[in-house]
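Hello,

Here is the structure you asked to look at. Please open it first; my notes on what was found follow below it.

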Amino acid sequence: MSDHDHEHEHDHDRDHSHLCDVQLRVRALETILTEKGYIDPAVLDQIVEHFETKVGPHVGARVVAHAWTDTKFKAALLEDATRAINESGLFDQIGDHLVVVENRPGEHNMVVCTLCSCYPWDVLGLPPVWYKSAPYRSRVVMDPRGVLAEFGVTLPEETKIRVWDSTAETRFLVLPQRPAGTEGWPEERLAELVTRDSMIGTRLAEQPGARP
Ligand code: FE
């Protein structure tokens, strides 16, 4: 085993701690594919590096901020998010089949993967630990209001909450409501209000002036 393998062990332990069997299978596959010459471990390292350092919630935040300021882009995003993002020329190409769901007055959306931990990596980076946890995955379906309360969010009683279950094929991103008092703001400033959790639906976008 080389240093290279050792590094990978750490990566997998951190990101997929609940998938020991899968982890072993991935390593076995990687070894065989490398030995057969089908893949280059250096390229794999670059891909891992990409998701660890370059892709993160700032990507999704830029998408949301752009949708808040450009109604045509927002309409295209809600119609076919993957296509809208890839054809805009403003963002790196994404590979996921991404569905964007819009929060509106009276309707709030939350995202989960009840089966495992499917997540829109292309626009949010690596998932938070709680997203992969069994309590979140089961409780958000049965008691979304209770989960929201734990994140400090209380919605009006009449607000409908929809929970979207991600799969390997389809990933969801919540388009939070644009906070009041941000009229005329440039996109870069708007994007600062768009937190990772607001795009999972466990929180709302930050209010202007709420952060120091
Ligand atoms: Fe999953």
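**The nonpolar core**

The largest nonpolar core has 46 residues, and those with the most contacts inside it are Phe73, Leu77, Ile85, Leu98 and Val123. Helix 4 (residues 57–69) gives the largest share of this core, seven residues. Keep in mind while reading that this is a predicted model.

Leaving aside residues up to four places away in sequence, Phe73 touches Val63, His66, Ala67, Ala84, Ile85, Ser88 and Phe91.

In helix 4, the buried residues are Val59, Gly60, Ala61, Val63, Val64, Ala65, His66, Ala67 and Trp68. What covers them? The cover over the buried residues of helix 4 includes helix 5 (71–79), helix 6 (81–88), helix 7 (121–124), strand 4 (170–175), helix 11 (187–191) and helix 12 (196–200).

The length of helix 4 can be checked by counting. It has 13 residues, and at 1.5 Å a residue these should span 18 Å; the end C-alpha atoms are 19 Å apart, which agrees. The check also works for helix 3 (residues 41–54): its 14 residues should span 20 Å at 1.5 Å a residue, and its end C-alpha atoms are 19 Å apart, which agrees.

Asp40 caps the N-terminal end of helix 3, with a side-chain oxygen 2.9 Å from the backbone nitrogen of Ala42.

**The iron site**

Which atoms coordinate the iron ion? They are Cys113 (SG), Cys116 (SG), Ser117 (N), Cys118 (N) and Cys118 (SG), at 2.1 to 2.7 Å. Along the sequence, the donor residues follow the spacing C-x2-C-S-C. Cys113 counts as buried because its relative accessibility is 1%, and the cut-off for buried is under 20%. Cys118, at 12% relative accessibility, counts as buried too.

**A loop residue**

Asn103 is found in the loop between strand 1 (97–102) and strand 2 (107–112). Is Asn103 buried or exposed? With a relative accessible area of 5%, Asn103 is buried. Its side chain makes a polar contact with the side chain of His108, at 3.4 Å. Not counting residues up to four places away in sequence, Asn103 touches His108, Asn109, Val174, Leu175, Pro176 and Gln177.

**Salt bridges**

Side chains of opposite charge can pair when their charged atoms come close. The structure holds eleven salt bridges. Three of them are described here.

- The side chains of Glu107 and Arg162 meet in a salt bridge at 3.8 Å, N to O. Glu107 lies in strand 2 and Arg162 in strand 3 (residues 160–165), so the pair ties together parts that are 55 residues apart in sequence. Glu107 counts as buried at 16% relative accessibility, whereas Arg162 is partly exposed with a relative accessible area of 34%.
- Arg203 and Asp197 form a salt bridge through their side chains at 3.4 Å, N to O. Arg203 is partly exposed, with a relative accessible area of 36%, while Asp197 counts as buried at 9% relative accessibility.
- Glu49 and Lys54 also meet through their side chains in a salt bridge, at 4.0 Å, N to O. Glu49 is partly exposed, with a relative accessible area of 40%.

Glu107 and Arg162 also belong to a network of salt bridges that links them with Lys74, Glu102 and Arg104.

Regards

Key. Residues numbered from 1 in each chain as written. Predicted model: local features only at pLDDT ≥ 70, side-chain atom pairs only at ≥ 80, totals over all residues. Heavy atoms only, no water. Donors = N, O, S within 2.8 Å, 3.2 Å for Na, K, Ca; no water. Buried < 20%, exposed > 50% of the residue type's maximum accessible area, 1.4 Å probe, protein only. Helix = DSSP H or I, 4+ residues; strand = E, 2+ residues; numbered from the N terminus. Polar contact = N/O pair within 3.5 Å; in protein donor to acceptor, adjacent residues only side chain to side chain. Contact = heavy atoms within 4.5 Å. Core = buried A, V, L, I, M, F, W, Y, C linked by side-chain atoms within 4.5 Å. Expected span 1.5 Å × (residues − 1).
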